[in-house]
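Dear colleague,

Please find below the structure I promised to pass on to you, followed by some notes on what was found in it.

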Amino acid sequence: MLILGIESSCDETALALVEDGRNVLGSFISSQISIHAKWGGVIPEIAAREHLSALTKMYTRLLEETKVKISDIDAIAVTQGPGLVGCLLVGASFAKGLAQAANKPLIPVNHVHAHVHGAILGIDSKLDEIFPTLALVVSGGHTNLYYMERATHFELLAHTLDDACGESFDKVGKMMGLPYPGGPHVETLAKSGITAKITMPRMLERKSQLLFSYSGLKTAVAKALKEPLSPGITMADVAHSFQEEALSQIIRKMSLAKKLRPNSKSIIVAGGVAANTRFRELMVNSSNIPVWFPPLKFCSDNGAMIAAMGYYQWQCDGDQGGMDWDVFSRYPFENFLARDLTLS
Ligand code: KG4
Ligand code: ZN
């Protein structure tokens, strides 16, 4: 089954053709980072207009380069949320128009869930060797931990109480005067720093709940940078200490999650922060089950993850894959109940 995936929820316009949820025939990503960089963050109105101008050209090029005709495509999958409303509307309208004109089924896909399938695209194992799994989505908008028994099952085990992990990297990067998005730049700076020189708060350490929190850490960095740095302490030391705690917090909570779902066979780490090499190191060193990280091209937003998620939804439920059309959606956290676990 050949699916066209369309992603436009934030500042990347992305389209891809994926066969049977695993084989990527072509994937194009057009990043708007350089356009938004001068404001230090994404300007939603500009982002939506950029999607509008990019989508048709990218769609035409994708079909030309893969030599696929619209009649070869079985279904169209599109990000329905969460994301910036104007941006989502552009992608959803494009997909709806195409589906109507070409008489193809349309599958609305949850962007956060799709990140996990972006990671799975890079795993060279059968799905039954991966599931049940603990899947982390650590991006600019979310820090969600799921237990998944199969490709379309997402049981939310933990989320952040405030900022997302990637967002905190970006905010810290901004405070340090680094380019947008700050994540990769903070990582680079941290490489030349030393943790022991600065003490960061250990977030939610004494709480036995499966939750994440980043705002206190961000405040600690703001405080450390407010006054001139003490002699012998560099900005790189602050970046290093911040990064260690931002990532270690996730490692601590993963051991709680393993206690809660002991039959998990593997861990999948998806979302933009999965590109962080220190994160990869900490996760692999602390785990006694295989940890899967996506290849870098599937870490951040892409169309292939949307097509892959769409494929599994289709396999599972047919027609719309059980998803509602709600382009204004935010993630349904109201159904979430934080779990208390004893830290022994
Ligand atoms: O998944 P993604 O591309 O977009 C969404 O938020 O959905 O994630 C982007 C986030 C940004 O916050 C970016 O700073 C962060 O991922 N990021 C990183 C690194 N590369 C990207 N954070 C830390 N270290 C990195 N190497
Ligand atoms: Zn994303």
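The 32 positive and 34 negative charges of the protein have mean positions that are 5 Å apart, where Lys and Arg count as positive and Asp and Glu as negative, with His and the chain ends not counted, and where each charge is placed at NZ of Lys, CZ of Arg, CG of Asp or CD of Glu. Please keep in mind that this is a predicted model, in which local features need pLDDT of at least 70 and side-chain atom pairs count only at pLDDT 80 or more, while totals for chains, interfaces and linings use all residues. Residues are numbered from 1 along each chain as its sequence is written, chains are lettered from A and ligands numbered from 1 in the order in which they are written, and side-chain values use heavy atoms, with hydrogens and water left out.

The protein is divided into domain 1 (2-117 + 297-317) and domain 2 (125-293), with bounds that come from an automatic or database domain assignment. To the contact between them (heavy atoms within 4.5 Å), domain 1 gives 20 residues and domain 2 gives 22 residues. The C-alpha centres of the two domains lie 27 Å apart.

As for the protein as a whole, its radius of gyration, taken over C-alpha atoms, is 20 Å, which agrees with the value near 20 Å that a compact globule of 344 residues would have, by the rule of 2.2 Å times the number of residues to the power 0.38. Of the 344 residues, 56% are buried, that is, under 20% relative accessible area with a 1.4 Å probe, protein chains only.

Key
Buried means under 20% relative accessible area, exposed over 50%, partly exposed in between (1.4 Å probe, protein chains only).
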